[in-house]
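Please read it with the model open beside the text.

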There are 2 protein chains.
Amino acid sequence: MPSYFTRPLSRLVAELEKLPGVGPKSAQRLAFFILRMNDEEAQNLAQAIVEAKSHVQTCRVCFNYTDQDICEICRDERRDTGCICVVADARDLVAFERTNEYKGRYHVLQGVISPMDGIGPERLRIRELQQRIAQAQQDNGSGAHPVSEIIIATNPTIEGDATAMYLAGILKPLGIKVTRIAHGMPVGGDLDYADQATLIQSLEWRREI
Amino acid sequence: MPSYFTRPLSRLVAELEKLPGVGPKSAQRLAFFILRMNDEEAQNLAQAIVEAKSHVQTCRVCFNYTDQDICEICRDERRDTGCICVVADARDLVAFERTNEYKGRYHVLQGVISPMDGIGPERLRIRELQQRIAQAQQDNGSGAHPVSEIIIATNPTIEGDATAMYLAGILKPLGIKVTRIAHGMPVGGDLDYADQATLIQSLEWRREI
């Protein structure tokens, strides 16, 4: 890009353009907005970036983001340790937390199996999930398995479904109930506008009422 | 917002949400992206914000953004000092620069007259424009006015047009040609989809071909 902007400004535009969903036009808009911010506001923004990067790590147990060794959810005694909801990304965990419905624990895979992108199961936190389940079994001593259910909540996409199948394959032999979140019509959706794949799933996943 | 995020992360989300066009969802998306950046990239982004804020100022002559006392355009000897294009905002200046067509100078008003927002002419850089013109006259000594044309390039909106009228009112008595950028059909536009105001303007601004 030719230098329509003064150097520090064009550098800021270039840095902002690296963000997802920020094209040249929005980067410019954001940069001009930042220039009009007062010094303290701009400082706060810059500092928040640096601090998030330096203080946020992943939980040693479930790989959710946390500023401590073990995340708040894993430390919360009131949450059911017997149920683990497996998600691809910490964002998906947040989506479930927003519902205020789920009271079990989580496990963040940090991705899905995607041969096209060269991501095999070994790149995900699957080994850690297995160790976590084994550890729970060991701590429990004898009797029924302390982890009673694993809910696989990866996206209903080819990669997400493949990851779910793979996980089911290695977890079921341990004698644990493995479930998958339902695929079907979104609430408030319109059958007339739904895609074929969703309609087929909504039939396949139907249940008696 | 309840604390679905760890504190440094929720702070980053909150700061990003203050940016224009960034809602809660995109702020979250950007924050997660920043967490996945490597340290150097995040540092670069934060630093670009701080540096832009500390090094960028407005040009003493035309009020364009610059990292020096006088901006590059005002220092460029090859550009015609006799023609000043008056824009509301530095962004508009950049838009004209991108065309690579205009070779005169600029003057950034830093806004438009907008009584609804309590912005009167005294809040804009109009006095500075008058001084600039008077200075050019003085430097020139005698003869024709050194500033031969003022192009008023504020937006074709009520405020932009009002600002243009106001400027014409104070500049024309100085014996300078004051022009307004054309209002009409955008290139590639469709008459069928054009709004009435644009069509009316396209008739009013018609010329012989």
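## Basis of the report

A salt bridge is taken here as a side-chain nitrogen of Lys or Arg within 4 Å of a carboxyl oxygen of Asp or Glu. This is a predicted model, in which local features need pLDDT of at least 70 and side-chain atom pairs count only at pLDDT 80 or more, while totals for chains, interfaces and linings use all residues; side-chain values use heavy atoms, with hydrogens and water left out. Residues are numbered from 1 along each chain as its sequence is written, and chains are lettered from A and ligands numbered from 1 in the order in which they are written.

## The interface of chains A and B

Contact (heavy atoms within 4.5 Å) joins 54 residues of chain A to 54 residues of chain B. The buried area, that is, the accessible area (1.4 Å probe) that two parts lose on being put together, summed over both, is about 5,200 Å² between chain A and chain B, and carbon and sulfur atoms give 65% of it.

Four salt bridges are found across this interface. One between the chains pairs Lys53(B) with Asp39(A), whose closest N and O atoms are 3.8 Å apart. Another pairs Arg11(B) with Glu51(A), at 3.1 Å from N to O; this pair crosses from helix α1 (residues 7-17) of chain B to helix α3 of chain A, where helices (H or I, at least four residues) and strands (E, at least two) are DSSP runs, numbered from the N terminus. Glu51(A) is partly exposed, with a relative accessible area of 23%, on a scale where buried means under 20%, exposed over 50%, and partly exposed in between (1.4 Å probe, protein chains only).

Twelve residue pairs, both members at pLDDT 80 or more, are in polar contact between chain A and chain B; a polar contact is a pair of N or O atoms within 3.5 Å, where within protein one must be able to donate a hydrogen and the other to accept it, and residues adjacent in sequence count only if both atoms are side-chain atoms. On the side of chain A that touches chain B, α1 (7-17), α2 (24-36), α3 (39-55), β2 (65-66) and α5 (90-99) each supply at least two residues, and the largest share, 15 residues, comes from α3(A).

## Salt bridges within chain B

Over all chains the structure holds 20 salt bridges. In one of them Arg125(B) meets Glu128(B) at 3.0 Å, N to O; Arg125(B) is partly exposed at 25% relative accessible area, whereas Glu128(B) is buried at 17%.

Lys177(B) and Glu149(B) also meet in a salt bridge, at 4.0 Å from N to O. Because Lys177(B) lies in strand β6 (residues 177-180) and Glu149(B) in strand β5 (residues 149-152) of chain B, the pair ties together parts that are 28 residues apart in sequence. Glu149(B) is buried, with a relative accessible area of 18%.

With a disulfide defined as a pair of cysteine sulfur atoms within 2.5 Å, the count over all chains is zero. Cys62(A) is in no disulfide, and the nearest cysteine sulfur, that of Cys74(A), is 3.6 Å away; Cys62(A) is buried, with a relative accessible area of 2%. The sulfur of Cys85(B) is 7.2 Å from the closest cysteine sulfur, in Cys83(B), which is too far for a bond, and Cys85(B) is buried, with a relative accessible area of 2%.
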